[in-house]
Amino acid sequence: MRIVLVVLLIPSLLFFQAGLAQKRSAYISGKLLDENEHPLGGTSVTILGRASGVLTGDSGTFRIKVPAEKAFALVFSYAGYKTEQRNFLLNEKEEEKIVVRLERGTRQLQEVVISDQRADREAGLVKINPKNAINIPTPIGGIESLLKIFVGSNNELTSQYSVRGGNYDENLIYVNDFEVFRPYLVNNAQQEGLSFINPELTRSVSFYTGGFQAKYGDKMSSALDIQYRKPSEFGGSAYLGLLEQGLHLEGTGAKKKITWLLGARSRTNRTLLSNQETKGNYSPSSADIQTVLTWQLNDRHLLELMGALSQTKFHLIPQSSQLTSSVFSPYYASNLGLNIYFDGQELDRYQTNMLGLSLTQQLKKNLRLKWMLSRFGDNERQSYDITGAYLFGERDFDKSSATFGLITNPLGAGVYQNYARDRLNIAVWNATHKGYLTLDKHFLQWGVSAERQTIHSQVNEWQYQDSAGYSLPYIPGHPSINNAARSNDDFSITRLTGFIQDNILFNDPGGVTLQGGIRYNYNTLNKELLLSPRLGLSWKPKRQRRDIIYRAAVGIYDQPPFFREMLRPDGTLNKDLKAQRSWQIVAGFEQNFRLGDRPFRWTTEAYYKQMSRVDPYDINNVHIQYFGDNKAKAYAAGLELRLFGELVKDAESWVSMGFMQTREKIDTSFYTYTLDAQHQPVDSTLTKAGWVRRPSDRLFTFGMYMQDYLATNKNLKVFLNLLYGSNLPFNIPGNLRYRNALTIPPYIRIDLGFSALLLDSEKSNRRSHSPFRNFENIWATLEVFNLIDRANTISYMLIKDFSNTTYAMPNRLTPRMLNLKLVGRF
């Protein structure tokens, strides 16, 4: 609980410090002149990091109140002149007089854009600035790292996320209105490559954590709506780091009737993975290329082509692993160790491709039609054959001992082998029509879609365990394997979906906004027709002095099964599996206010989800293993609190807190036996399973993303990414009686980034032959991952000793490490 108290106190301490600093003051007065000694009236004089300031009079004079006993900077700016910055350190009540002369330059004052964020009235909606994706210090980077500030995380190596008690498969992702998918066979986050979303191409991010509209598809947790940019001139960016490299270019042609956007990325996690507990030869690589082309055929017709190609390879030749855990109890305390020596290798390959074509027709000022055709392809290969010989026992941690680090009291020994030859090919063809019609206070939207999915799957997996010369499970005279899965399936699914919805604005501006709609979903595999009505409401009291909006949403959110949900533990597919069903209600408010001269926004939302026909699952790292049957019911309830604002001017920061409980009740039963003195059963009792924690049950989450810069130099910045999540349950495989009986400790992670401007946007100071003459700016960044060097646990390995007692040995995530990165824009 100490870390919880610390993270809760951080925002309060920051505001208190800011308020305390303002109590001591001094003054600076002076005059602004041009190069001809003429006064510059109307010059802006501001303290670096604050939004407010003063303007010089007609004679160019000014007087401004400033903080005392601390370093600060004044910024002087005037249209058509170069911005000037002066640093100061004054005593309390001291007044300093200065004269500032500004030089003419090509650089103009930046345009100030004022946007009304209150227009976004939908429940569960979080708007995110994609420009922060390149700055947030985290091993994977990308848009998903920004999302985890709001929904939490327990694994820094994956771009996947869970929302409000859901799992990774319950999230919708759209890019330019095309739905995109992730690879399905990934078992471990270290196998993952690049996320589909390229942050450098992204214009806007709309993240719905629940209660989303009928126009979005059929998943139970969240919807992520990404829109890529439409360029207006030539430009680009490039970045180079130890983990990832990327290049993006954009431009126009044919008198701006044609626009093009191109992005390419490459990533390798070799440096990141080499510090993990399993030592060996890691060879991970991932690369992708994406493009968006638009052609304005005429005033009413716009053609868009979007394409993406991605490939990820993961090759591992493991050598050894040393795991350590400590056991404390009133009767027993010990430092346990597990040494594993490997033989074999793993070779995985994941290829995805996407091609989409859309035609937008602006038939009238209030009528727009969109026609879309797309194909998504997924080709996955997963092969491993790894044998591990292990020794388990008490490890010596006495540094003065000759056996330091060695297992001195063996408790168990054995050999295990993991084998897999899995293949998966998925092709998804989609044809969609959407329409948008504005009628007075109504905004009608509709859509129909036909989708054809073809799937070819080959699964061949098994495990063999030998403990002290006996294969497990032990069958006299017969060696045995466990967790065997074998299947070969080819099938196709046709899905027909559609929606209609209306957004009604009763009073403009403010007042009540009502959004209602319904969507349908039918598939030919289990021939199930689903209807999902959804309703949203927002209200802004007109006569209330506070700037506040109340929001609520209610609806049915069904999730028809796809490949992974249908896959049983034995590798067979349940093609009769029905859709998981849920009804959800969300209610909350959003308030805009100011602290001093800085704007802030506070949001609060409470939610409840009731789920039926649930397909239960276990999760190990990022591998989700479903039961493949509709045999459970569940619920999730929680409260989310978020603060958005600028702790310093032009430095956006977020703080998010969440409280949640999610439980499930599986339709199963088990026997409890009464044993006699010879440990023979003499009686039994049939017990039905009750409510237990779901694998995603996490009581408390906290996320913080902060930016700051030096008081005297805005070109030296610092970025903080802090995540905390309370414990998670972990299930003993195949054990329903003690389902989710183990606990994964809280996840605590702090990542820190330091950025320095190497080249600014003032091009007039550069020589004509300089190779950087066309760059807008170049930044250098040093990132410290896992600043506190916490060994977070992601899963457990279960080991038995000679007496058949089972121990859970933790599998840890990444330790502290450094990363360097250069980012240039032109």
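Modeller: Let's start with an open sheet of three strands, ordered S4-S1-S7, where the pairing is mixed. Bear in mind that this is a predicted model. Strand S4 (61-67) and strand S7 (95-101) are the edge strands here; each has a single partner strand, so one side of each is left without a neighbour in the sheet. On average, neighbouring strands in this sheet are turned by 25° against each other, ignoring direction. If you zoom in on strand S1 (residues 25-33), you'll find seven bridges joining S1 to S7, and the two run parallel. A handy landmark is Lys31, which stands opposite Val99 in S7.

There's also an open sheet of four strands, in the order S3-S2-S5-S6, and its pairing is antiparallel. Its edges are strand S3 (53-55) and strand S6 (84-88): each has a single partner strand, so one side of each has no neighbour in the sheet. Strand S2 (residues 44-47) is joined to S3 by three bridges, running antiparallel. To find that pairing on screen, pick Thr46, whose bridge partner in S3 is Gly53.

Thr259, Leu261, Gly263, Arg265 and Arg267 make up its covered face, while Ile258, Trp260, Leu262, Ala264 and Ser266 make up the uncovered one. Strand S14 (residues 244-253) is joined to S15 by 10 bridges, and these strands run antiparallel. Across that pairing, Gln245 stands opposite Ser266, a residue of the uncovered face. The hairpin of S14 and S15 has four residues between the strands, and Ala254 there takes a positive phi near 50°. S15 also pairs with strand S16 (residues 278-296), in the antiparallel sense and over 10 bridges. In that pairing, Arg265 from the covered face stands opposite Asp288 in S16.

Tyr419 and Trp462 form a stacked aromatic pair, 5.1 Å centre to centre with 15° between the planes. Tyr419 belongs to strand S20 (residues 407-439) and Trp462 to strand S21, so to speak a link between distant parts of the chain, 43 residues apart. Both Tyr419 and Trp462 are buried.

At 42% relative accessibility, Val448 counts as partly exposed. Together with Leu496, Ile500, Ile518, Tyr520, Leu529 and Leu531, Val448 makes a nonpolar surface patch of about 600 Å². Strand S23 (482-505), strand S24 (511-523) and strand S25 (528-540) each supply at least two of the patch residues.

H2 (residues 143-151) is mostly covered, with nine of its nine residues buried. Among them are Glu144 and Lys148, along with Leu146, Leu147 and Phe150. Just after H2, Gly152 takes a positive phi of about 85°.

How values were computed
Residues numbered from 1 in each chain as written. Predicted model: local features only at pLDDT ≥ 70, side-chain atom pairs only at ≥ 80, totals over all residues. Heavy atoms only, no water. Buried < 20%, exposed > 50% of the residue type's maximum accessible area, 1.4 Å probe, protein only. Patch = residues over 30% accessible without salt bridge, like charges linked within 9 Å, V, L, I, M, F, W, Y side chains within 5 Å. Areas by Shrake-Rupley, 256 points an atom, 1.4 Å probe, with all protein chains shown as cover. Salt bridge = Lys/Arg side-chain N within 4 Å of Asp/Glu carboxyl O. Pairing = 2+ DSSP bridges. Axes fitted to C-alpha atoms, helices over the stretch in contact; angles between N-to-C directions. Phe/Tyr/Trp six-rings, centres within 6.5 Å; stacked < 30°, edge-to-face > 60°.
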